[in-house]
Each structure stands twice: as structure tokens, then as C-alpha cells.
Amino acid sequence: MAAGAAPLTAQSDTLLLVAALAALTTAYLAVILALRIRRKMAELRIQRSANTVDQPAAAGGPHGASNDGGWQPPRPGRGVTTALAAMAIGGAMLVLAAWGLP
């Protein structure tokens with residue numbers, strides 16, 4: 001083994017570990033986000049059905065008036081968006097760096 005091979009191997013192993021942790025973290029966060037979205041959609045569905053049961057049909061249409069107005073989640077602030085974008089870019093760079101190692 002060459003004199004400088006041990007540190008290079010250790011560095012390579014570390015970067016592969018970081019890439020694996022980044023991939024697992026991304027998958028975990030994706031699952032949590034999907035669960036939150038499903039829960040919120042179920043709440044909105046229940047709320048919508050409760051509104052249509054409680055309110056009589058509007059004179060202008062047979063389905064009644066919907067008062068949710070096309071609900072959209074609140075937008076995160078500029079600082080939060082910047083921090084999340086930086087973390088995503090950093091994670092992608094770590095994964096690419098680990099894949100590019102010999």
C-alpha cells in the first residue's frame with residue numbers, strides 16, 4: 001500500500017458515509033412531508049364535506065358554495081427558503097463528491 005493511500009481511503013469512506021446519511025435523511029424527510037400532506041388533505045376533505053352538509057345549495061349552482069377559496073399553504077420566509085436551498089445544494093454536492101471518488 002502506498003504511503004498516502006490510508007488517508008485517502010479514510011476520506012473516501014467518510015464521504016461515502018456522508019452520502020449515505022444524506023440519502024437516508026432525504027428519504028426520511030420525504031416520507032414525513034408526504035404524511036403531513038396526506039393528513040392536511042384529509043382534514044380539508046372532512047372540512048369541505050362538513051361545509052356542504054351544513055350549508056344549503058346556493059341559488060346560483062347545484063353544488064353549494066365553497067368557502068375554502070383554493071387553500072394554499074403559507075409561503076416560508078426568505079431566510080428559511082435560503083437556508084433550505086443551501087442545505088439541499090450542499091447535500092447534492094456531498095453526494096456528487098462521494099460518487100466521483102475513485
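A: Ala, Val, Leu, Ile, Met, Phe, Trp, Tyr, Cys and Pro count as nonpolar, Asp, Glu, Lys and Arg as charged, and the others, Gly among them, as polar. In this predicted model, local features need pLDDT of at least 70 and side-chain atom pairs pLDDT 80 or more, while totals for chains, interfaces and linings use all residues. Residues are numbered from 1 along each chain as its sequence is written, and side-chain values use heavy atoms, without hydrogens and water.

Q: By class, what does the lining of the second largest pocket have?
A: A pocket is an open set of points on a 1 Å grid over the protein atoms alone, where a 1.4 Å probe fits, with protein on both sides within 12 Å along at least five of seven lines; lining residues have an atom within 4 Å of a point. Here the lining has 9 nonpolar and 3 polar residues, with no charged residues. Among them are Val18, Leu21, Thr25, Leu84, Met87 and Gly91. Helices α1 and α2 (78–99) each give two or more residues to this lining.

Q: What volume does the second largest pocket have?
A: A volume is the space filled by probe spheres set on the points, which are joined across faces, edges and corners. For this pocket that is about 330 Å³.

Q: And what lines the largest pocket?
A: The largest pocket has a volume of about 460 Å³. It has 14 lining residues, and Ile32, Leu33, Arg36, Ile37 and Pro73 are the closest to its centre. Its lining divides into 9 nonpolar, 1 polar and 4 charged residues.

Q: How many helices and strands are in the chain?
A: Both are DSSP runs, numbered from the N terminus: helices are H or I, at least four residues, and strands are E, at least two. This chain has 2 helices and 0 strands. Leu21, from the second pocket's lining, is found in helix α1 (residues 5–54).

Q: Is leucine 21 buried, partly exposed or exposed?
A: Buried means under 20% relative accessible area, exposed over 50%, and partly exposed in between (1.4 Å probe, protein chains only). Leucine 21 has 48%, so it is partly exposed. Across the 102 residues of the chain, 6% are buried.

Q: How many salt bridges does a search of the whole structure find?
A: Side chains of opposite charge can pair when their charged atoms come close. The cut-off is a side-chain nitrogen of Lys or Arg within 4 Å of a carboxyl oxygen of Asp or Glu. The search finds 1. Lysine 40 pairs with glutamate 43, and their closest N and O atoms are 4.0 Å apart.

Q: Where do glutamate 43 and lysine 40 sit in helix α1?
A: They are 3 residues apart, so about one helical turn separates them. Glutamate 43 is partly exposed at 40% relative accessibility. Lysine 40 is also partly exposed, at 30%.
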